[in-house]
Every structure is written in structure tokens, then in C-alpha cells.
Amino acid sequence: MRLRLLAATALLALASCNNSKTASAPATSGVTDAMIANAAEGEWLSYGRDYAEQRFSTLKQVNDSNVGQLGLTWSADLDTARGQEATPLMHDGVLYVSTAWSLVKAYDAKTGALKWSYDPKVPREKLVDVCCDAVNRGVALYGDKVYVATLDGRLVALDQKSGKAVWEKRTFPADSHMAITGAPRIVKGKVLIGSAGSEYFSRGYLAAFDAQTGNELWRFFTVPGDPSKPQEGKHLDAAVKTWSGDFWKLGGGGNVWDSITYDPVTNLVYFGTANAEPWNPAHRNTKGEGDSLYTASIVAVNADTGEYAWHFQETPEDRWDFDSAQQITVADLTIGGQKQHVVMHAPKNGFFYLLDAKTGKFISAKPFVEPINWASGIDPVTGRPNVNPDARYEVTGKPFVGMPGAIGAHSWTPMSYSPLTGLVYIPTNNTPQLYAPDPDWKPGTTGFQLGIDSTLGNVPADKKVRQATRAAMTGALVAFDPVAGKVKWKVPYPMPTNGGTLATAGNLVFQGTATGEFNAYSADAGKKLWGFATQSGVLAAPMTYSIDGEQYVAVMVGWGGVWDVSGGSGVSSKITPNISRLLVFKLGGKGTLAAAPPSAKRVLDPPPVSGTPEQLALGAKLYSNSCSVCHGNAAIAGSLNPDLRHSVALGNPKLWQQIVHDGILKDNGMVAWKDQFSPDQIEAIRFYVVKRANEDKALGDH
Ligand code: CA
């Protein structure tokens, strides 16, 4: 009894110690909070440039009258041939970038000379826990250090001068199914980072770590834990009432995988949360409906303590993968004659939201893409969507073709806001998606945990249907007036998942495209003024800086990301090869790129079809729900991951088992699936892929 009391006292002491953890003093030299907040004109010190994340530069040496003279001044070939999503940072003449697999590099920003390179050596088998490629969106600068959060969940502080690791901390256990692809943000001596994983087993959070020591200071969970146990905060006592059943056994989702915005005006940190897990609410809210707080929401917490301030849920009871994790931009807008301090948000669900930054009070939500069919609109008073009854596929029991789809009307590709034009420049997607309930679904052990059946969404082996499907998947650069709630101008693109945007005081908007161009448009009218062939698709957002009176524009190039590796790739595969580079431009730049290698022509040569109709149907379902996320819709892969229709193991059942069941290729990113699939199931998947390869050979679509 006494021992137990002692133990309890010790626990209490530990708990109070946790609550009173204070950060080391904020940086007073190197990169400081004031420098990030005031965003010196020639530098780019934080992921979204400044705390407000407007991605607007006041530099205007390059402008709408001379951008035609913009040329390559230097480029750097990268040693990671996967999607490149980072925004480079520039401080004191040095450009800092992260690349795929969470590597960090520092270049002389004027000459392109490599100063140092750091490789955290992420285990390649971690690929099984990432939906959307081994990407990293950027580093953070603070004091004399550079911070990177790695795909496998480590937060690493590097010395800015040498690139040597000063400390390294795990932000989640090594055996977790979560991953990190986002850029850390740093506020008053605290490094803020969350994680990705709402399609896997994960419980979302935002955590703060001491910038000097790496010690964890606070962790704000976005979804409740086991309802039979005390929750970690009052906000979770409220949230747990919006869930039912065994949701917590899967984790619940709500991951904070991209947006983290600090607002010095309110001293709040705003962040967006991902979808609930699994997608299908019938498998998480088994006792009926519930909003699943705080998923698909914007949440605000006190920047010092991590305490809850407010939340606004954009997609209650999400069932379409409508993450609200997208970039949150703070601005002062004049609405109805009144100046208002607002957060602006363009989440996956297709509506552009304005909220009061201090209180989270709903101001407006207007569509920034069309068509939208999951909701007829947003209630102008409550901000809740008027959901189309057909979109509740778990209720109707019927498939629903949703617009937008899970790729989202807008996802992580950064938008920018120009206070000069009053417009927000949003990279948008038009990617319909079929959602079909799977009433028999049970959680697995490996890979996606969605609760839906993706089999019906496979593109058929029919040339006309494939052409029509390809034509239906598009994108656009949308210039949106947030006050009027209207699209001002638009540049259509033939493909979705084009790059992020940069707005400048030179009346310019820069954006790269999925099809391998880097373009400049007039910010007021959307007129194309300049373009550069990048040889590979662009996902990342450009940035700009100035040294010795010269303005530079930099962008990471390298095709990959969700559209390439996911099911969407079945209709869009191999848009461009991956050629990963950092490109830097200035007026009068005369640089050129080495010629792109010729694309290799491959011809399908599969073994004959085998397997019973039942085995083929089983293989189709297992492939669609577990394999397509990496190897492509209907086994048609993108440019990065192996196209299984061409696999040498197709005609070698033993080798197929060694790869899929035993995991002999785990160091290439293909883990063992023996906990999830039996050898018979794995053989059924082989039968299905052999059939698919034969169909496409007959179709002449190799
Ligand atoms: Ca998601």
C-alpha cells in the first residue's frame, strides 16, 4: 500500500515536472524570431517565408516587364531520384534545402558551390508507411542551426556552418507506422513538428521540442485515446463524445502533416489536421454518427503552452480523405469595410475558408474549384457543409464518384498571397474518385487502413475509357479573391499535382508544372510571361532571394509524390522522368541543362494467364486495397516505383513469394507482407498482375 502510494506520488511529481517544462531562451544571435517575423527582404528564413506563410516577396528587380530575360544561373544535380517537394531557405548567402529521403544540403546561394551535405540514412523499408513518396518539404533555421525532421520520425539539429549533427531525437517510436514529410517551424525556442499517417495506424498530434536540447516540451493530441482512460487534456474530454466504438485501437488519424503557422498577433499556433482513420466512418463510429473531432479541422493552441484555444472543423465526420492539413495563411483583409485579422485556408474539400484568427469564428467558405459534388455548399452561419446524401457511401451501401477526390482540390503544394493584388494563388486539382464501402473490412497489419474497397476504381483495359479518364484528371492555377469569394483568373493544366506558387511585388506569380515547365504569370491577370523546360515534373514551391543587389529565383525539380506513386498513376503514369535538381535563375542567366536521357521503351512480356476466376477476383481486391498505393491503379505504375506488369518475378512464383511474403527486397523499400497475407493470397495477387499485364499487352499499352 505504502509502496503504491510512493509510486503514485512519484508519478504525480513526474506529471507536474512535465507540465512545467520550459524551453531554453529564444535565439539572440543567428536566425532569431524577430528576423523570421519581419522576413528581411533579401532572405527567406522559414518554410512559408514569414510566420504568416504568405509566400509573398517584396523583391521586384525581376518583374512583369523584364521576366522574359530570366535565365538559369546555376543548377545542382541531386542524389535522390524521388519526388522533390522542399522550399529552399536562404540566410547569409547560403541556400539550405532538404531532398527526398530527408537529406539536407547547403549551397553557396550565388555560385551554387556545395558547402556540405547531410544524410540521416533513413531505412528504405520505411516506404511502406508513406502514401506519397519519400519526400521532405523543407528545413527550419534558428540560431546557428538547421533543423530537419526525417521520414522515420527523427528531429535532427545540424550546425549551419558544418552540417554536422548536434543532436537527434525520436519524435515517435521507431516501430510506429507514422512518418514525417513536413517542415518544422520554430517559435520562441521551440521546434514544432507533427507527423503523417492517417491512412495507417496513427494518432495525430503536434509536439514542441526545445531548440537547444531537443527535449520534448509539450504534445497536443488531435484525437482522443482509449475512452476508458483519462484523456490528455480537456479538449479531448470534449472530443471523445464525437467518436464511438473501437476507433482508438487504430489510432484515429487527424495527423498534423503539413501546416503549422505561428501568429505573433494572437500568440497562437494554427495547424491543420488530416482525415479520420479509417476513411469509412462505419468502421470507426460503430454506434452511429459523430464528427470525429478534431480531424479535418484547423486547431489553434497557445504557442507557449500548447493549450487548446479554438478549433474549426471543415469536414465533420470525413469519409473522403479530406485532410485539412494544407497550408494556413494569415492576413489582414478588409471585409465589408472592416479590417479583419484572418486565417485563409484552401483544404482538400474544395471550399476556401476565412476564419477570425483570434477566435476561429467562421467568416465564409466559397468554392475555389468546380465541380464539387460531396456537398451542395457551406451553411453561411455555422460553416457546416450541406452533405449530398449520395456521398455517404457507408449509409447508401453504394459506390460514390466524389469530386474532389482524395488527391484533393488543393493539397500540400503551397499557395501564395499577394497583398498587392489581394489574390491567393492556389495550385488546384480536378481528380474524381470512386469511394466504395467495404462492409467486411477488418484492420490489417501493414499498409493502408481505409475501410473501403478500391477494386471498382481500377481503370479498365479499354483504350477509350482510359483516354476519357486521363482527360478527366486535370489541374489549374487558380487566382482566388478571398474577400469576394470568387475565382479572378485561372490557368488550366492537362495534369493534376502541379507545383506550389510564389507571388512577388514584381506583379509575378511563379509556378512549376507536372509536365515539366517552370512558368511566370502576371499576378493581376494571369498572363503567361515566361517559361523554362525543367525536363522533370515540378511539385515544390519556388522561392526568391537577393544577394549583392541581384534577385534570384530558386525551385526544386523532381517528379514523384502522390500522383506518381498512387492509384492515380494508372491514368497518368510516366508524365515525365524523375530528374532531381535544384534550379536557380536570375536576369540574364545563360545556363543550360544537360540533355535529358532518352526514355527507355519497355515491352510487356508476361507469362500466360493462370488462376481460377475466384483467385483472380481475390487478387484484384487485395492488390487494389494494399498494393496500388505504391504500384499504381490496375498495376500500372508511375515513374518511380516498380511496374509489376514488367516484374521478372511474374513467371517465378517462388521468387514472388520471397519478395512479397519474406521481404527479400526490404532494403529497396518492399517489406515482408507475411503478417498481412497468406502465401495463397500472395499467389492470387500474382495471378491478378499476370492477367493485367496480358490485358495491357493485348491493348498495346505497355
Ligand atoms: Ca489523408
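Reply: Between domain 1 and domain 2, three residue pairs are in polar contact, both residues at pLDDT 80 or more. A polar contact here is a pair of N or O atoms within 3.5 Å; within protein, one must be able to donate a hydrogen and the other to accept it, and residues adjacent in sequence count only if both atoms are side-chain atoms. By class, the side of domain 1 that touches domain 2 has six nonpolar, nine polar and six charged residues (Ala, Val, Leu, Ile, Met, Phe, Trp, Tyr, Cys and Pro count as nonpolar, Asp, Glu, Lys and Arg as charged, and the others, Gly among them, as polar).

Bear in mind that this is a predicted model: local features need pLDDT of at least 70, side-chain atom pairs count only at pLDDT 80 or more, and totals for chains, interfaces and linings use all residues. Residues are numbered from 1 along each chain as its sequence is written, and side-chain values use heavy atoms, with hydrogens and water left out.

As for the bounds, domain 1 covers 2-21 + 55-433 + 474-587 and domain 2 covers 613-699, as set by an automatic or database domain assignment. Their centres, taken over C-alpha atoms, sit 31 Å apart. In contact terms (heavy atoms within 4.5 Å), 21 residues of domain 1 meet 20 residues of domain 2. The two domains bury about 1,500 Å² between them, with 54% of that on carbon and sulfur atoms. E125, V565 and K574 supply 29% of the area that domain 1 buries against domain 2, more than any other three residues. Buried area means the accessible area (1.4 Å probe) that two parts lose on being put together, summed over both.

The rule finds one salt bridge across this interface, the rule being a side-chain nitrogen of Lys or Arg within 4 Å of a carboxyl oxygen of Asp or Glu. E125 also forms a salt bridge with K666, and their closest N and O atoms are 3.6 Å apart.

Now for R645, in the loop between α8 (613-631) and α9 (653-660); helices are DSSP runs of H or I, at least four residues, numbered from the N terminus. R645 is buried, with a relative accessible area of 2% (buried is under 20%, with a 1.4 Å probe and protein chains only). Its side chain makes a 2.7 Å polar contact with the side chain of D696, and the backbone oxygen of A635 lies 3.3 Å from a polar atom of the R645 side chain. Not counting residues up to four places away in sequence, R645 touches several others, including K574, L604 and H702.

Conventions. Helices (H or I, at least four residues) and strands (E, at least two) are DSSP runs, numbered from the N terminus. Buried means under 20% relative accessible area, exposed over 50%, partly exposed in between (1.4 Å probe, protein chains only).
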